[in-house]
Amino acid sequence: IKFTEERHYNTNGYILPKSVVNYPGMDVPDFTRAIEYKYFLEQKSPHTIVVKETSSDVGDPYYPVPNDRNQELFAKYRQLADELEKSGKVIFAGRLANYKYFNMDQALDNALTLWEDTIMKMHQQPPAPQ
């Protein structure tokens, strides 16, 4: 990830609508996330700093970049994951398993749905005979 710092002087309030704004789509190609740290400290200041994160294929990967090459690679990993999941010894979940960005509410929903659809069904007892 490349970090770009923007300093804003003599600005009323904040620059961003929230402390952290994610941009996972291709409609904002310059960066994937913007953070305004002044929110965290509830500072009263006419100045602020916004840091923007830009994904790159250089260095350690942090976010998926949904290009054709990566989609093809994900399809291969998904096939391997499906085979491993059939063994019943592993379950893949979350952002990496789905190869897409989840907001926190979506990540929790994904985990709870997976729990209900797999773990709960594995532990359900058949109904008692009448």
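Which residues of α2 are buried? In the predicted model described here, local features were taken at pLDDT of at least 70 and side-chain atom pairs only at pLDDT 80 or more, whereas totals for chains, interfaces and linings use all residues. Residues are numbered from 1 along each chain as its sequence is written, and side-chain values rest on heavy atoms, with hydrogens and water left out.

Asn 70, Phe 74 and Ala 81 are the buried residues of α2, where buried denotes a relative accessible area under 20%, exposed one over 50% and partly exposed the range in between, computed with a 1.4 Å probe on protein chains only. Helices (H or I, at least four residues) and strands (E, at least two) are DSSP runs, numbered from the N terminus. The three buried residues, Asn 70, Phe 74 and Ala 81, cover an arc of only 35° around the axis, which puts them on the same side of α2; the arc is that of the directions from the helix axis to the C-beta atoms. An α-helix has 3.6 residues a turn, so residues three or four places apart point the same way. On the other side of α2, Asp 68, Arg 69, Glu 72, Lys 76, Gln 79 and Lys 86 are exposed. The cover over the buried residues of α2 includes α3 (94-98), with contact meaning heavy atoms within 4.5 Å.

Helix α2 comprises residues 68-86, and its 19 residues should span 27 Å at 1.5 Å a residue, which agrees with the 27 Å between its end C-alpha atoms; the expected span is 1.5 Å times one less than the number of residues. Within this helix, Asn 70 counts as buried at 14% relative accessibility and touches Val 65 and Tyr 99, when residues up to four places away in sequence are not counted. Tyr 77, also placed in α2, is exposed, with a relative accessible area of 52%, and its C-alpha atom is separated by 25 Å from that of Met 122, 45 residues apart along the chain. Just after α2, Gly 88 takes a positive phi of about 80°.

The strands form an open sheet of four in the order β1-β4-β3-β2, with antiparallel pairing, two strands being counted as paired if DSSP finds at least two bridges between them. Strands β1 and β2 stand at the edges, each with a single partner strand, so one side of each is left without a neighbour in the sheet. Neighbouring strands of the sheet are turned by 15° against each other on average, direction ignored; axes are lines fitted to C-alpha atoms, for helices over the stretch in contact, and angles run from 0 to 180 degrees between N-to-C directions.

Strand β3 (residues 33-36) pairs with β2 in the antiparallel sense over three bridges, and four bridges join β3 to strand β4 (residues 48-54), again with an antiparallel course. Ala 34 of β3 stands opposite Val 21, while its bridge partner in β4 is Lys 52. Both faces of β3 are covered, with Arg 33 and Ile 35 buried on one side and Ala 34 and Glu 36 buried on the other. Val 21 touches Leu 16, Thr 32, Arg 33 and Ala 34, when residues up to four places away in sequence are not counted. The largest nonpolar core consists of five residues, namely Leu 16, Val 21, Phe 31, Ala 34 and Val 50; such a core is a set of buried Ala, Val, Leu, Ile, Met, Phe, Trp, Tyr and Cys residues joined through side-chain atoms within 4.5 Å.

In the loops, Asn 10 is found between β1 (2-8) and β2 (20-22) and is exposed, with a relative accessible area of 65%. Asn 10 has a positive phi of about 50° although it is not a glycine. Most residues other than glycine have a negative phi. Thr 11, placed in the loop between β1 and β2, is by contrast buried, with a relative accessible area of 16%, and touches Ser 45 and Pro 46, residues up to four places away in sequence not being counted. Val 58, in the loop between β4 and α2, counts as exposed at 60% relative accessibility; Val 58 and Ile 1 are 57 residues apart in sequence and 8.1 Å apart in space, C-alpha to C-alpha.
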